[in-house]
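Visitor: I would like a quick tour of this one. Can you show it to me and take my questions?

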Amino acid sequence: LSEQSLQGKTVVITAGPTREAIDPVRYISNHSSGKMGFALASAAKGLGATVKIISGPVNLTTPSGCERFDVSSALDMHQRSLELGATCDIFIACAAVADYRVAEVASHKIKKTDNNDALQINLLKNPDIVADVAKLTPKPFVLGFAAETQDLEHYARDKMQRKGLDMIAANDVSIPGQGFNSSDNALQVYWPNGQSVLSLNDKQRLAQQLMDLVVQQIDK
Ligand code: PMT
């Protein structure tokens with residue numbers, strides 16, 4: 001593939017975790033580092049695309065030539081994604097979005113009490129960002145991820161269908177040394193009538209291989 005494969009195309013990528021506030025000093029989050037999403041941004045840039053990263057809180061440098069939009073909560077990421085997704089050609093959902101947010105965020109720090117050992121926090125389901133982007137018209141080519149611990153193909157294909165995706169990259173996040181927060185990963189990629197296995201590699205190389213598959217599907 002050449003440096004011009006995605007010339008004139010805009011690619012929007014969500015990356016990293018989201019943070020769901022509990023009170024002014026606490027939040028619910030996950031172990032996503034943003035490495036996979038940022039590697040995809042750099043691979044897409046290398047193919048000539050205009051790249052916009054919608055990033056949760058991460059400790060990474062923005063790949064050169066990419067535009068970055070920082071967000072914190074799933075609701076923030078949802079809003080930015082619908083805004084930028086409306087004018088992109090390819091939307092990649094690599095972020096580990098919290099499925100639930102705290103129903104009522106306390107406006108002051110929650111105090112520890114002496115008379116009760118248990119504390120309940122009610123959660124509310126967050127909107128599904130990638131599914132809502134896939135409902136836009138015109139609809140971009142939408143690549144989602146699936147973080148699974150078993151039956152990768154079954155769960156990934158189910159997510160692809162339910163969320164209206166064109167392609168899904170599944171990773172087994174139960175295997176140490178790959179997936180969340182590591183430098184390496186392995187992906188099983190599915191689209192409606194095909195699949196490809198991208199074996200264990202560093203996330204930069206893997207991102208290039210995944211972008212190649214995206215280009216092949218778009219060219220069809
Ligand atoms: O960031 P790293 O440390 O490099 O790790 C990479 C990764 C493991 C986070 C990445 O490879 C990955 O698997 N990302 C997706 C994680 C995830 O939340 O998967 P899921 O199976 O729960 O979600 C399925 C898809 O729906 C994903 O594309 C997700 O972005 C999207 N989603 C989920 C919930 C939600 N409310 N909105 C969404 O858009």
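Visitor: Which residues have the most contacts inside the largest nonpolar core?
Guide: This is a predicted model. Its largest nonpolar core has 57 residues. H1 gives the most to this core, with seven residues. The residues with the most contacts inside the core are Val 11, Ile 13, Leu 40, Ala 44, Ile 168 and Leu 210.

Visitor: What does Leu 210 touch, not counting residues up to four places away in sequence?
Guide: Leu 210 is among the core residues with the most contacts. Contact here requires C-beta atoms within 7 Å. With sequence neighbours set aside, Leu 210 touches Leu 40, Ala 169, Leu 187, Val 189 and Leu 198.

Visitor: Which element gives the most to the shell around the ligand?
Guide: There are 29 residues around the ligand, and Ser 33, Lys 35, Met 36, Ala 93 and Ile 129 come nearest. Helix H1 (35–46), helix H3 (129–133) and strand E9 (141–148) each supply at least two shell residues. With four residues, the top contributor is E9.

Visitor: How many residues of that shell are charged?
Guide: The shell has 14 nonpolar residues and eleven polar ones. The charged residues number four.

Visitor: How far apart are the farthest two C-alpha atoms of the UniProt "binding site" positions?
Guide: The unreviewed UniProt entry places this feature at Asp 99, Lys 109, Pro 127, Asp 128, Ile 129, Val 130, Phe 145, Lys 159 and Lys 163. These positions span 65 residues in sequence. They do not all gather at one spot, because the farthest two C-alpha atoms are apart by 37.3 Å.

Visitor: Is Asp 99 buried or exposed?
Guide: Asp 99 sits in the loop between strand E6 (90–93) and strand E7 (100–102). Beyond its neighbours within four places in sequence, Asp 99 contacts Lys 125 and Asn 126. Asp 99 has 12, so Asp 99 is exposed.

Visitor: And Asp 128, buried or exposed?
Guide: Asp 128 lies in the loop between strand E8 (123–125) and H3. Asp 128 has 20, so Asp 128 is buried.

Visitor: Which residue stands opposite Trp 191?
Guide: Strand E11 (residues 184–191) and strand E12 (residues 194–202) pair in the antiparallel sense over seven bridges. The two strands form a hairpin with two residues between them. In E12, the residue opposite Trp 191 is Gly 194.

Visitor: Where is the cis peptide bond that involves Pro 138?
Guide: Pro 138 is in the loop between H3 and E9. Omega is near -5 degrees for the cis bond, which runs from Thr 137 to Pro 138.

Visitor: What is phi of Asp 151?
Guide: Asp 151 lies in the loop between E9 and H4. Asp 151 counts as exposed, because 10 C-beta neighbours lie inside 10 Å. Phi is positive although Asp 151 is a residue other than glycine, with a value near 45 degrees.

Visitor: Is Asn 181 exposed or partly exposed?
Guide: Asn 181 is in the loop between strand E10 (167–172) and E11. Asn 181 is not a glycine, yet has a positive phi of about 70 degrees. With 13 other C-beta atoms within 10 Å, Asn 181 is therefore partly exposed.

Key: Residues numbered from 1 in each chain as written. Predicted model: local features only at pLDDT ≥ 70, side-chain atom pairs only at ≥ 80, totals over all residues. Near = placed C-beta within 6 Å. Nonpolar A, V, L, I, M, F, W, Y, C, P; charged D, E, K, R; others polar. Core = buried A, V, L, I, M, F, W, Y, C linked by C-beta atoms within 7 Å. Contact = placed C-beta atoms within 7 Å. Pairing = 2+ DSSP bridges. UniProt positions renumbered as here; feature names shortened; annotations may be inferred.
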